[in-house]
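Work through the following exercises with the sequence and the predicted model side by side. Each task is followed by a solution in steps.

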Amino acid sequence: MVDSGGGGRWLVGVASALFVLATLAEGFETFVLPRRVLRRLRFARLWFRESWRLWAAVGRRVRDEERREGVLAVYGPVSLLGLLAAFAAALILGFAGLHWALGSSLDARTAGPPGFFTDLYLSGTTLFTLGLGDVAPRTAAAKAITVLESGIGLGFLALAVAYLPVLYQAFSQRETAITLLDARAGSPPHAAGLLSGCPGKTGVEQLLRDFELWIAQTMESHLSYPVLAFYRSQHAGQSWLSALTAILDVCVLVLANEQDPITAQAKLTLRIGQHALSDLSRVLGADAPKEVDEGRRLGPLEIVLLEARLPNGYKATGEAGERLRELRRSYEPQVEGLSRLLVMPLPAWWRDE
């Protein structure tokens with residue numbers, strides 16, 4: 001119990017004011033600031049990391065793939081609503097502490113004698129701008145705090161209403177490009193199918209140019225709104241991670257075979273993909289494994305089968321195979337780390353239609 005004397009109330013008042021300021025700063029960085037925050041100690045980051053760890057542990061226990069995706073797909077919207085609720089609860093608690101520190105200077109007509117729970121009730125009705133009138137501040141300081149909280153509450157509700165459309169617009173833009181890959185190589189997309197589905201080198205170059213832009217947009221939106229990384233695609237077998245991996249697989253196949261004149265575009269797309277994987281892994285806390293089983297996605301037998309399904313001019317064995325193996329190391333540890341964290345399977349290099 002906190003001492004109800006002047007010293008105890010003063011300490012609670014200072015702590016409550018700092019708590020409110022810290023909550024507002026965290027909310028500004030999470031919902032308003034359009035850039036990556038480098039500070040490690042952040043409530044939003046801790047919220048998503050720990051809540052996802054528990055949710056993913058439950059999802060991994062579901063053996064049926066379709067049901068597992070259904071369970072994991074709920075996390076994104078639920079965690080976002082939970083975060084908004086956590087910010088609201090923190091503001092209510094902080095302002096209630098300020099009222100209590102001022103001596104609970106309230107006129108409580110129907111809410112019982114003034115005390116902390118009455119302060120909490122007034123703070124909650126003020127933040128959500130209910131204005132019931134059964135509890136009212138008496139002193140000038142209490143009235144000032146109530147007006148301040150009311151303004152913050154109005155801004156908080158407006159921000160929550162405006163934030164969701166922006167988030168879902170970014171999600172829709174991401175998914176539109178992923179869906180377009182389905183017509184080229186099915187779900188999930190694979191490198192052999194993407195190369196075969198493109199009309200010659202011009203088509204491959206256009207594909208890589210389009211997805212160079214898509215990767216940059218995805219990186220920026222997911223760095224600004226990390227919760228988007230947990231949003232699952234609407235169709236089975238699709239994910240932003242599998243689409244990104246398939247495009248990078250195409251890039252290294254082009255580079256391994258030195259397919260001019262599209263080699264330059266493949267280098268650019270691979271470079272932005274590596275950049276995106278590095279930043280997203282850091283923000284999401286995905287640790288790349290120190291050793292990646294190179295044969296898990298593309299073993300010796302799979303390499304031979306892949307080469308048989310590639311268009312003319314592409315090889316996956318011999319010198320091209322050595323270059324391919326070296327290029328794969330530049331991004332496969334990162335996609336493996338993200339795959340394990342997000343429970344998103346990685347695509348194969350080829351698939352029999």
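**Exercise 1.** Describe the second largest pocket by its volume and its lining.

*Solution.* The volume of the second largest pocket comes to about 330 Å³. Its lining consists of 19 residues, and those nearest the pocket centre are Glu69, His235, Ala236, Gly237 and Gln238. Sorted by class, the lining holds seven nonpolar, eight polar and four charged residues. Helix α3 (residues 65-73) supplies the largest share of this lining, namely five residues.

**Exercise 2.** Find the salt-bridge partner of Glu69, and decide whether each of the two residues is buried or partly exposed.

*Solution.* The side chain of Glu69 meets that of Arg232 in a salt bridge, with N and O 2.9 Å apart. This pair connects distant parts of the chain, since Glu69 belongs to helix α3 whereas Arg232 sits in the loop between α8 (200-224) and α9 (240-256), 163 residues away. Buried requires a relative accessible area under 20%; Arg232, at 7%, is therefore buried, while Glu69, at 24%, is partly exposed.

**Exercise 3.** Trace the salt bridges of Glu50 and locate its partner Arg53 relative to it.

*Solution.* Glu50 forms a salt bridge with Arg49, in which the closest N and O atoms are 3.2 Å apart, and another with Arg53, at 3.5 Å from N to O. Glu50 and Arg53 are both in helix α2 (residues 43-60), three residues apart, which is about one turn of the helix. In an α-helix there are 3.6 residues a turn, so residues three or four places apart point the same way. Both Arg49, at 43% relative accessibility, and Glu50, at 29% relative accessible area, are partly exposed.

How values were computed:
Residues numbered from 1 in each chain as written. Predicted model: local features only at pLDDT ≥ 70, side-chain atom pairs only at ≥ 80, totals over all residues. Heavy atoms only, no water. 1 Å grid on protein atoms, 1.4 Å probe; cavity = no way out; pocket = protein on both sides within 12 Å on 5 of 7 lines; lining within 4 Å. Points joined across faces, edges and corners; volume = space filled by probe spheres on them. Helix = DSSP H or I, 4+ residues; strand = E, 2+ residues; numbered from the N terminus. Nonpolar A, V, L, I, M, F, W, Y, C, P; charged D, E, K, R; others polar. Salt bridge = Lys/Arg side-chain N within 4 Å of Asp/Glu carboxyl O. Buried < 20%, exposed > 50% of the residue type's maximum accessible area, 1.4 Å probe, protein only.
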